Amino acid sequence: YNSGSVLVSNNLIVQGNLTVNGTISNNFNPFWIAGRINAASGSVHQSKGRYPFNVNRTSTGFFSITWLEAHPDGENYILIAHGEATGSVSWNIIHNGSGSLANTSTSCGFVVRDHNFSSVNGNINFIILA
């Protein structure tokens with residue numbers, strides 16, 4: 001029994017189960033940032049990625065997301081988003097808009113539209129892969 005640390009310099013192959021009685025480094029989280037945006041308040045409803053993020057609703061249906069740690073892929077990261085429909089209204093999410101909503105290594109933007117392509121404040125669920 002060793003109460004210290006173990007350093008593996010090359011490959012570590014585990015055949016069987018791996019049990020962790022503690023925490024796993026945030027570096028293993030596959031999401032750079034991920035969360036749920038509460039459109040009614042223009043705030044972060046839930047955050048689950050490696051890094052926290054902030055949201056700013058600039059006008060109805062327009063949201064800017066920012067975070068501090070620059071993404072290693074610059075502005076060319078993979079982002080997946082979807083909206084939450086209520087009743088008969090379906091929402092479309094557009095990201096990487098032009099101008100102030102364009103992707104950067106520390107920000108992205110969303111435009112939320114309904115089935116008539118009118119701007120609406122709809123909740124957004126999204127992930128950016130690490």
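# A guided tour, stop by stop

Start with Q15, which sits in the segment before β1. Strands here are DSSP runs of E with at least two residues, helices are runs of H or I with at least four, and both are numbered from the N terminus. Q15 is exposed, with a relative accessible area of 79%. The cut-offs: buried means under 20% relative accessible area, exposed over 50%, and partly exposed in between, with a 1.4 Å probe and protein chains only. Q15 and I93 are 78 residues apart along the chain, and the line spans 42 Å.

Before moving on, some ground rules. This is a predicted model, in which local features need pLDDT of at least 70, side-chain atom pairs count only at pLDDT 80 or more, and totals for chains, interfaces and linings use all residues. Residues are numbered from 1 along each chain as its sequence is written, and side-chain values use heavy atoms, with hydrogens and water left out.

**Colour by confidence**

pLDDT is the predictor's confidence in each residue, from 0 to 100. The protein chain averages 88, and 93% of the residues score at least 70.

**The surface patch**

Select V6, V8, L12, V14, L18, V20, I24 and F28. Together they form a nonpolar surface patch with about 860 Å² of accessible area. Such areas come from the Shrake-Rupley method with a 1.4 Å probe, and for residues only the protein chains shown count as cover. Patch members have over 30% relative accessible area and no salt bridge; like charges are joined within 9 Å, and nonpolar side chains (Val, Leu, Ile, Met, Phe, Trp, Tyr) within 5 Å. Zoom in on V14. It belongs to the segment before β1 (31-38), and it is partly exposed at 43% relative accessible area.

**The core**

In soluble globular proteins, nonpolar side chains tend to be buried together. Here, the largest nonpolar core has 20 residues. A core is a set of buried Ala, Val, Leu, Ile, Met, Phe, Trp, Tyr and Cys residues joined through side-chain atoms within 4.5 Å. Which residues touch the most other members? Select I37, I65, W67, F110, F126 and I128. β1, β4, β7 (107-113) and β8 (124-129) each supply at least two residues of this core.

Stay on W67 and show its contacts, meaning heavy atoms within 4.5 Å. Beyond four places in sequence, its partners include W32, P52, F53, Y77, C108 and I128.

Next, pick S64 in strand β4 (residues 62-66). Is S64 buried or exposed? S64 is buried, at 17% relative accessible area. Leaving out neighbours within four places in sequence, S64 contacts N54, V55, N56, L101, C108 and G109.

Step across to V55, in strand β3 (residues 54-59). V55 counts as buried, at 16% relative accessibility. Its contacts, again beyond four places, include I37, F63, S64 and I65.

R57 is partly exposed, at 30% relative accessible area. Not counting residues up to four places away, R57 touches A39, A40, S41, G42, F62, F63 and N121. G109 is 52 residues from R57 in sequence, and their C-alpha atoms are 9.7 Å apart.

**The salt bridge**

How many salt bridges does a search of the whole structure find? One. The term means a side-chain nitrogen of Lys or Arg within 4 Å of a carboxyl oxygen of Asp or Glu. Select R36 and E84: their side chains meet at 2.5 Å, N to O. R36 lies in strand β1 and E84 in the loop between β5 (79-83) and β6 (92-95), so the pair ties together parts that are 48 residues apart in sequence. R36 is partly exposed, at 25%, and E84 is partly exposed, at 22%.

Select I94 in strand β6. I94 is partly exposed, at 33% relative accessibility. Beyond four places in sequence, it touches G109, F110, V111, R113 and F117. D114 is 20 residues along the chain from I94, with 11 Å between the C-alpha atoms.

Finish on F117, in the loop between β7 and β8. Check its backbone: phi is positive, about 65°, although F117 is not a glycine.
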